[in-house]
Amino acid sequence: MGRSPSEPTPAGPTASATPPADPAGSSDADDELLITTRGIGPLRVSGSVAELTATGALGTEPGDFCPDRLVGSEEFAGVVVYTAEDDIAAMIVVEESSLSTAEGVTVGSTSAELREAYGEQLTRHTAESNPYSENYLVSSGTLAIGFTVSQDAVGKILVAPTEVLRAVYDAGEFHC
């Protein structure tokens, strides 16, 4: 179905029945549990540990063997927040969860679903240490959502400043 010459040209790279979602999320992101470039719902990259634990979304004790790691509770199970030395959230990692991006990508989505959801917004980041790695970024300003793909499925979703994600991907597998 074509446009008549009098209809305005849609904004953006492609026209579709539903406009593509902003990877940074909507202004209602606090109310929704969507993975955005800013975080997930009330969990924000650059939020203080005190602010993040006050939401009830994170446990107050460090996770496992990492003193700079807070694990999600209840609806945030499978979410891990890594903090910097100044007790600020440096990176949010979704390892196992039904949480999704606004585009519907979850841990377990196929690489084809990931590419279909983000199209040209998605850029592959190839690590120098592992040129066969499949890591993808969707950036919005200085923040990004990262996707680690293994065996044709999204294995992890990361939220952090773009340069932090590039450094993590360049280092290979992330360990604290």
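Mentor: Let me begin with a rule we need for the sheet: two strands pair if DSSP finds at least two bridges between them. Keep in mind that this is a predicted model.

Trainee: Which strands make up the open sheet, and in what order?
Mentor: Four strands form it, in the order S3-S2-S1-S8, and the pairing is mixed.

Trainee: What makes S3 and S8 edge strands?
Mentor: Each of them, strand S3 (43-44) and S8, pairs on one side only.

Trainee: How do you know that S2 and S3 count as paired?
Mentor: Strand S2 (residues 39-40) and S3 share two bridges, in the antiparallel sense. The rule asks for at least two bridges, so the pair qualifies. In one of these bridges, Ile40 has Leu43 of S3 as its partner.

Trainee: What about S5 and S6: how many bridges do they have, and in which sense?
Mentor: Strand S5 (residues 69-72) and strand S6 (residues 79-83) pair over three bridges, antiparallel. Arg69, for example, has Tyr82 in S6 as its bridge partner. The two strands form a hairpin with six residues between them, and Glu74 in that turn has a positive phi of about 45 degrees.

Trainee: Then why is Thr162 called buried?
Mentor: Its relative accessible area is 7%, and the cut-off is under 20%, so Thr162 is buried. Thr162 lies in helix H3 (residues 162-171). Beyond its sequence neighbours up to four places away, Thr162 touches Leu137, Ser139, Gly141, Thr142, Leu143 and Ala144.

Trainee: What does the side chain of Thr162 reach?
Mentor: It reaches the backbone oxygen of Leu143, at 3.4 Å.

Trainee: Why does Asn135 count as buried?
Mentor: Asn135 has 5% relative accessibility, and under 20% is the condition, so it counts as buried. Asn135 lies in strand S10, and its side chain joins that of Thr148 through a polar contact of 3.5 Å. Among the residues that Asn135 touches, neighbours up to four places away aside, are Thr123, Phe147 and Tyr169.

Trainee: How many aromatic pairs are there?
Mentor: The count is one aromatic pair. The rings of Tyr118 and Phe147 have their centres 5.5 Å apart, with planes at 45 degrees.

Trainee: What makes that pair tilted?
Mentor: Centres within 6.5 Å make a pair; planes under 30 degrees apart would be stacked and over 60 edge-to-face, so the rest are tilted. At 45 degrees, the pair of Tyr118 and Phe147 is therefore tilted. The pair links distant parts of the chain: Tyr118 is in helix H2 (residues 111-118) and Phe147 in strand S11 (residues 143-150), 29 residues apart. Both Tyr118 and Phe147 are buried.

Trainee: Which residues have the most contacts inside the largest nonpolar core?
Mentor: They are Leu43, Leu114 and Phe147, in a core of 29 residues. Among the elements that each supply at least two residues of this core are helix H1 (49-54), H2 and strand S12 (153-161). Another core, of 11 residues, lies apart from it and includes Met91, Leu137, Ala144 and Ala160.

Trainee: And where is Ser97?
Mentor: Ser97 is in the loop between S7 and strand S8 (100-101). A polar atom of the Ser97 side chain lies 2.9 Å from the backbone nitrogen of Leu99. Leaving aside neighbours within four places in sequence, Ser97 is in contact with Ala77 and Val107.

Notes:
Residues are numbered from 1 along each chain as its sequence is written. This is a predicted model: local features need pLDDT of at least 70, side-chain atom pairs count only at pLDDT 80 or more; totals for chains, interfaces and linings use all residues. Side-chain values use heavy atoms; hydrogens and water are left out. Buried means under 20% relative accessible area, exposed over 50%, partly exposed in between (1.4 Å probe, protein chains only). A polar contact is a pair of N or O atoms within 3.5 Å; within protein, one must be able to donate a hydrogen and the other to accept it, and residues adjacent in sequence count only if both atoms are side-chain atoms. Contact means heavy atoms within 4.5 Å. Rings of Phe, Tyr and Trp (its six-membered ring) pair if their centres lie within 6.5 Å; planes under 30 degrees apart count as stacked, over 60 as edge-to-face and the rest as tilted. A nonpolar core is a set of buried Ala, Val, Leu, Ile, Met, Phe, Trp, Tyr and Cys residues joined through side-chain atoms within 4.5 Å.
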